[in-house]
There are 2 protein chains.
Amino acid sequence: MPVLPLRSGEHRRCHMTRVLTASALLNQVEGVWPLPQQLHQSADRDCLSPQRFSFTYGRDSAAQTGCSVLDAAFKRYFSIIFPDFTTLSGLLMPENESNMYFRPQPFVVSVSVKTRGCDGYPDEDSDESYTLSVSEGQAVLRSVSVWGALRGLESLSQLVYQDDYGTYFINKTEIVDFPRFAFRGLLLDTSRHYLPLYAILKTLDAMAYSKLNVFHWHIVDDPSFPYQSRTFPDLSNKGAFHPFTHIYTQSDVIRVIEHARMRGIRVVPEFDSPGHTQSWGKGQPGLLTPCYKGSVPSGSFGPVDPTVDTTYKFMASLLKEVKFVFPDSYVHLGGDEVSFACWQSNPNVRKFMEKMVERLKKTSYVQKSLIPQDTVLEIWKGAKYQTELSRMTQAGHRVLLSAPWYINHISYGQDWRNSYAVQPQNFSGTDEQKKLVIGGEVAMWGEYVDATNLSPRLWPRACAAAERLWSNEEKTLNADLAFPRLKEFRCELLRRGIQAEPLFVGHCRHEYDGL
Amino acid sequence: MPVLPLRSGEHRRCHMTRVLTASALLNQVEGVWPLPQQLHQSADRDCLSPQRFSFTYGRDSAAQTGCSVLDAAFKRYFSIIFPDFTTLSGLLMPENESNMYFRPQPFVVSVSVKTRGCDGYPDEDSDESYTLSVSEGQAVLRSVSVWGALRGLESLSQLVYQDDYGTYFINKTEIVDFPRFAFRGLLLDTSRHYLPLYAILKTLDAMAYSKLNVFHWHIVDDPSFPYQSRTFPDLSNKGAFHPFTHIYTQSDVIRVIEHARMRGIRVVPEFDSPGHTQSWGKGQPGLLTPCYKGSVPSGSFGPVDPTVDTTYKFMASLLKEVKFVFPDSYVHLGGDEVSFACWQSNPNVRKFMEKMVERLKKTSYVQKSLIPQDTVLEIWKGAKYQTELSRMTQAGHRVLLSAPWYINHISYGQDWRNSYAVQPQNFSGTDEQKKLVIGGEVAMWGEYVDATNLSPRLWPRACAAAERLWSNEEKTLNADLAFPRLKEFRCELLRRGIQAEPLFVGHCRHEYDGL
């Protein structure tokens, strides 16, 4: 078959063409969730061909090929941007004069990071800022760290869209972006119901799409102890719902941590104590306080027994293991909802407490110093969380806000708007106090949640808090303005395989295909 | 390899052994949802082997092999009872003296129906009663119709359980059962969001497990018209979210009706009018009332235009098609929430109404006769549905209760208890009035529901109403007593592949395996 040459210049037909239709403009200007700090776009757009699209490291980049985090991200984002693209075979033609007009123009994404750190873990001081500049035939992404580069790649992937003919486009864009808060968490509870590994990994994927960066793993609690400890294997052998199917092996934990690291997500494990430890007692006899009825043990057990040495030895060993297994500098120690009734019923604990009080009387500053200054406090309870924020920051503590984001609490309709309306720094206090708010987290407690309903309850509802924690509050106060962008982002989540529920009547181009 | 003979009698070891442990008893006595009208069980139990388990038609049965409904049910329930069983190969041994001790004992389920009707459709007069008698080596299931036999097979399948070694057991049981109400419906809304075919078919499966027997298909509404009409193809071409991917073809509709028929489920289609018809107007110009602003059309449209002849011709043709396609004697015509503002704004409609009123003045009984006596009224609105029940039944109308079962309305916690607490005949009225309550239906409206969250929102929440509509109210008043049985039924739903959400903290032997 003869090859018909196109008009000269035809191969450039979609290069930086100006788009005048409002819908195309809408597509990009509103198309990034959470909203970048600064985003400027023009109607000029470039079309992208999977055959000629590539990621590359900038010449001045500290990271180059071999950087585990970014190499994997390039692979991942290529498939996210071009999900239908599986092979080059038969599509690439050799470059010669007769067919050069048919070859699509290349588009190169050049990524430059200042510091290497490809083999490390994100932490509370990680710099997630980036700049992204999209122009004809190229995008230039610059960041201090690889974690910032990941955030930039996510934004880039959300800038690409398809027109009605399926052609991929990206508009000329300038982004300067950084997170408002360093800690943007999501809590999963794997004790009240066991969550299979894939459900956790999928959640990490969606967290990365929403730029959430801390997976708070509430791994054990009263109902079950699924963490398989090296030091104390009986904790899961006897405390898990099932000692083989309903546990997280060391290898599972490693997979979660690595999956998270690849997405710039910290894994903060929680081993809640001294309360919330019923399941611990099954595999660790003598750990829990025997409750008394009158002068005899009732047969039931309360919180961890503070009066015996073995408790402290056990806790020290377990925490040593936890600190070894989980690389993050944070370990969440819970400490909430301790039932004192059992402690008070136990004669040993009563004696122990009386001694403690005697000792405390000797210095009046003990109570304050009981909480070390470098401890981060989580505000998790109460409708009047503003008062708590004010009080805790006045005492000089860094705080995390979670109370208004317990999204396991569901209600009819668009309850994402409640999450979106939260203003984490809107409490009475000085500027210094406001700076002590290091972020917040969305909590999905597990009383009524397991793998059957986790995804649709999390997504896109958690996205509201994700934007509040990342974006400029002034620019994102209006939920009605955010709605079409969130609706589009929810469709994008579906396209990426996240079972995100609908916000309201309508449909997506790529619906959830279910079973 | 030499075959070691067992002790004589060993092959009978699990035949009608008496079980003394409470947990095994719990397993069967509480193991049927919805609760049969009469159920008597003993601790004597028989073990079942997939290799020797069979369904057969009773000698006196009007239906025999070739009965489409029951042949398919035998196939289906075999796999439900023995999900791990795929092949006989290598398991069956030839019967001879040396290995006869190893052959498991047969268990035969004999099914006898009085009337054939295998090729018909269930209707409002279908007899769903059955008796089931399980004794050593056999179960005898008797019913008037094939639909009753389906209900009995479902109960039978719920009687079978496995012990910790995986052995299948069934206890000696006598069941006499029949539904309290003839109409036990579930509404799906495929207009506000499109539901793919598999989501509807899966819903029908779970309906059958819960003995719900009417699929109320709210197929079209304002947002979209996914029904592909033979007579008016433009209705879906222009009114569906997408004319190819988001429609129900005639073949899809046939599949739904047949899938439902096989499970003894009626399909009642709803073509809501004259309101809720915005999507109709796109493919049928001239159908809707042009709204006016002052003396000029505003450009928007209201309900169906009652002033033009073409409307009546169109509606007659469409309904003729609907009655041809859907075999059920019921067609739901909606008639709710008509916006009168637009009608009043339109000068033609105003004139039309004035004429109507003139005519109505001539006879004072017209208004009552506007609703024919054989119309079933659905009570769908209001917290005080008891008053409506009282009023409508006093007027002699048969009624369906739906108002307290709008389970698209979600709330935190165990809201199935609200559905369970509904007492459909608890309103002031005579016994004759109470009998006019022919049943009720669970509604899952689609504002916030699509395939991503349909199943976990429906199941097991819809099961509460299912039991209220099937079982004896006196025996099922206590939700706390129902809880462990419902929890077990939810685990059974998971085992059968229904994405049913958890009721509370815990786990199931067969968890949802998700992606």
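Biologist: Which residues in α2(A) meet which residues in α3(A)?

Modeller: This is a predicted model, in which local features need pLDDT of at least 70, side-chain atom pairs count only at pLDDT 80 or more, and totals for chains, interfaces and linings use all residues. Residues are numbered from 1 along each chain as its sequence is written, chains are lettered from A and ligands numbered from 1 in the order written, and side-chain values use heavy atoms, with hydrogens and water left out.

Now the contact itself. On the α2(A) side are Val69(A), Leu70(A), Ala73(A), Phe74(A), Arg76(A), Tyr77(A), Ile80(A) and Ile81(A). They meet Val146(A), Trp147(A), Ala149(A), Leu150(A), Leu153(A), Glu154(A) and Ser157(A) of α3(A). Contact means heavy atoms within 4.5 Å. By class, the contact of α2(A) with α3(A) has twelve nonpolar, one polar and two charged residues. Here Ala, Val, Leu, Ile, Met, Phe, Trp, Tyr, Cys and Pro count as nonpolar, Asp, Glu, Lys and Arg as charged, and the others, Gly among them, as polar.

Next, the geometry. Helix α2 of chain A spans residues 68–81, and helix α3 of chain A spans residues 146–159. Helices are DSSP runs (H or I, at least four residues) and strands are E runs of at least two, numbered from the N terminus. The two axes come within 10 Å and cross at roughly 10 degrees. Axes are lines fitted to C-alpha atoms, for helices over the stretch in contact, and angles run from 0 to 180 degrees between N-to-C directions. α2(A) and α3(A) are therefore roughly parallel to each other (angles under 35 degrees count as such).

Chain A has another pair to set beside this. The axes of α4 (residues 197–209) and α6 (residues 250–262) of chain A come within 10 Å and cross at roughly 10 degrees. That makes α4(A) roughly parallel to α6(A). α4(A) contributes Leu197(A), Ile200(A), Leu201(A), Leu204(A) and Asp205(A). α6(A) contributes Asp252(A), Arg255(A), Val256(A), His259(A) and Ala260(A). The residues divide into six nonpolar, one polar and three charged.

Two loops of chain A deserve a look. Lys211(A) sits in the loop between α4 and β10 (214–218) of chain A. Its phi is near 60 degrees, a positive value in a residue other than glycine. Pro34(A) is in the loop between α1 (22–29) and β2 (38–48) of chain A. The peptide bond from Trp33(A) to Pro34(A) is cis, with omega near -10 degrees.

Finally, the partner chain. A rotation of 180 degrees with 0.0 Å of shift along its axis superposes chain B on chain A, with an RMSD of 0.1 Å. In chain B, the C-alpha nearest the axis belongs to Ser411(B), 2.4 Å from it. The same surface serves both copies, as 100% of the contact residues of chain B recur in chain A.

At this interface, 40 residues of chain B are in contact with 40 residues of chain A. The chains bury about 3600 Å² between them, 61% of it on carbon and sulfur atoms. Buried area is the accessible area (1.4 Å probe) lost on putting two parts together, summed over both. There are four salt bridges between the chains (a side-chain nitrogen of Lys or Arg within 4 Å of a carboxyl oxygen of Asp or Glu). One of them joins Glu501(B) to Arg457(A), with the closest N and O atoms 3.1 Å apart.

Methods
Least-squares fit on C-alpha atoms with pLDDT ≥ 70 in both. Parallel < 35°, antiparallel > 145°, perpendicular 65-115°, else oblique.
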